[in-house]
Amino acid sequence: MFAEMHEMVLDTSYAEKYDTVSLFGVRFACITESQSVDWICDRAESAHGAFIVTANLDHLRRCCVDPSYRAIVEDANLVVADGMPLIWASKIQGAPLLPERVAGSSMTISLCEIAASRGLSIYLLGGDEGVAERAAGVLRERYPKIQVVGYHCPPFGFEKSKEQIDVIRDGLASTSPDIVLVALGSPKQEKLIHEMRSVCPKACWIGVGISLSFITGDVVRAPEWVQKAGIEWLHRLIQEPKRLFRRYVIQGIPWGLRLMAHSTKARMKKTR
């Protein structure tokens, strides 16, 4: 099954600069958080636009079981590894290696900081009711020069409503942001970006999951040592067991083991 999966082709301006690692045929950038932020800001500043996926183990699993979602990820200009299992898998496979985890939650903060210093505008889309507005306030207080040109928290089930989609489209079109942070969770955020990208083709679009709630403090992020140990998922599971049990335990653990086995086989082929 996995051997038959074709490998995604990344934007050539990126591929010429950085190596990539293939995991189940999905190509991840060998890039640090700092390099990712610089690349995104450069694309936004030059009005080239981009679609960035911060992919974790669940994204990778979905790419393997859902061809339509895989096609969306293949359309991305940059895919970064937001999950320690992906880093471990690259080390098992051998060079090239993913240098570090590029967490969407961490990158959101560093991206806002650099965007503020470079005069790039930002639009916040997603989160629970009121979260995007409060996140905008926190960011403006933290980075006085930041340009948050708009924010919107679409209601539950918005994707089934033409009126709600039009509200999102109009909000983006009227503000023309340089960077759009979409905090709707996966796969909803990637699907929306894929649909809306043409509204602001010069913007950089990034799916950032729960990041806005981390900014506002509505959800507490795991301590740094927990993140580095690769068990941030357990910290999140404890906070929201009903919502996350299936994703992290029923689906995540078996797929993590499958990924390690797949990477081990890939390493063995290299050493033959």
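Here is a short chat about aromatic pairs and charges over rings in a predicted model.

Student: What should I know before we start?
Tutor: This is a predicted model, where local features need pLDDT of at least 70, side-chain atom pairs count only at pLDDT 80 or more, and totals for chains, interfaces and linings use all residues. Numbering runs from 1 along each chain as its sequence is written, and side-chain values use heavy atoms, with hydrogens and water left out.

Student: OK, how many aromatic pairs does a search of the whole structure find?
Tutor: The search finds 2. Rings of Phe, Tyr and Trp (its six-membered ring) pair if their centres lie within 6.5 Å; planes under 30 degrees apart are stacked, over 60 edge-to-face, and the rest tilted.

Student: How are the rings of Phe24 and Trp255 arranged?
Tutor: Their centres are 5.8 Å apart and their planes sit at 90°, so that pair is edge-to-face.

Student: Are Phe24 and Trp255 buried or exposed?
Tutor: Phe24 is buried at 2% relative accessibility, and Trp255 is buried too, at 11%. Buried means under 20% relative accessible area, exposed over 50%, and partly exposed in between (1.4 Å probe, protein chains only).

Student: And what about Trp233 and Tyr248?
Tutor: Those ring centres are 6.2 Å apart with planes at 70°, so this pair is edge-to-face. Trp233 is partly exposed at 31%, while Tyr248 is buried at 19%.

Student: Switching topic, which residue lies over the face of Trp255?
Tutor: Arg258, at 4.7 Å from the ring centre. A charge sits over a ring if NZ of Lys or CZ of Arg is within 6 Å of the ring centre and within 35 degrees of the ring normal.

Student: Where does the charged end of Arg62 sit?
Tutor: Over the ring of Tyr69, 5.3 Å from its centre.
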